[in-house]
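Student: Could we go through this model together, helix by helix? I would like to see how the pieces pack.

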Amino acid sequence: NYTHMLDVMARHIKYVVGRMQETGIDSVEADSEAVDAWVEKILEGAQGFLAMQESCTPGYYNFEGQLASGDLSQIFYARGPHKIFKLLDAWREQGDLEGLKLGHASE
């Protein structure tokens, strides 16, 4: 599963880099509003994730059993890989690189 996820992410990055090359963009970064919106998505999904993690043996993935002290915005997308893959597909289909700040060397 992890290898498949890496392949999907690599293809997503390839898309962004390809669009940069097509349009002469030299730099790209997420804008702060897009970052905040993504963190909200992560936190929404994290709520269902917490109950499962609280019942697990303390370890890396549940902040050594101290979930309340962990930064939940740093966890993975808890709604599953297929849903995140669909989100990425839909974002690429839009084609406008929404949520990214695009730069040119002359700026």
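This is a predicted model: local features need pLDDT of at least 70, side-chain atom pairs count only at pLDDT 80 or more; totals for chains, interfaces and linings use all residues.

Student: What span should helix H1 have, and how far apart are its end C-alpha atoms?

Tutor: Helix H1, residues 2–23, has 22 residues and should span 32 Å at 1.5 Å a residue; its end C-alpha atoms are 32 Å apart, which agrees. The expected span is 1.5 Å times one less than the number of residues, and helices (H or I, at least four residues) and strands (E, at least two) are DSSP runs numbered from the N terminus.

Student: Which residues of H1 are buried?

Tutor: Val8, His12, Val16, Arg19 and Met20 are buried in H1. Buried means under 20% relative accessible area, exposed over 50%, and partly exposed in between, with a 1.4 Å probe and protein chains only.

Student: Why do the buried residues of H1 line one face?

Tutor: Seen down the axis of H1, they fall within an arc of 125°, so they line one face of the helix. The arc is that of the directions from the helix axis to the C-beta atoms. An α-helix has 3.6 residues a turn, so residues three or four places apart point the same way.

Student: What do they pack against?

Tutor: The buried residues of H1 pack against strand E1 (27–30), helix H3 (81–94) and strand E2 (100–103), where contact means heavy atoms within 4.5 Å.

Student: And H3, which residues are buried there?

Tutor: Ile84, Phe85, Leu88, Trp91 and Arg92 are buried in H3. These residues cover an arc of only 125° around the axis, which puts them on the same side of H3. On the other side, His82, Lys83, Lys86 and Glu93 are exposed. The cover over the buried residues of H3 includes H1, H2 and E2.

Student: What follows H3?

Tutor: Glycine 95 follows H3, with a positive phi near 75°.

Student: Changing topic, where is leucine 97?

Tutor: Leucine 97 is in the loop between H3 and E2. Its phi is positive, about 55°, although leucine 97 is not a glycine. Most residues other than glycine have a negative phi. At 4% relative accessibility, leucine 97 counts as buried.

Student: Is tyrosine 61 buried or exposed?

Tutor: Tyrosine 61 counts as exposed, at 60% relative accessibility. Tyrosine 61 lies in the loop between helix H2 (32–54) and H3.

Key:
Residues are numbered from 1 along each chain as its sequence is written. Side-chain values use heavy atoms; hydrogens and water are left out.
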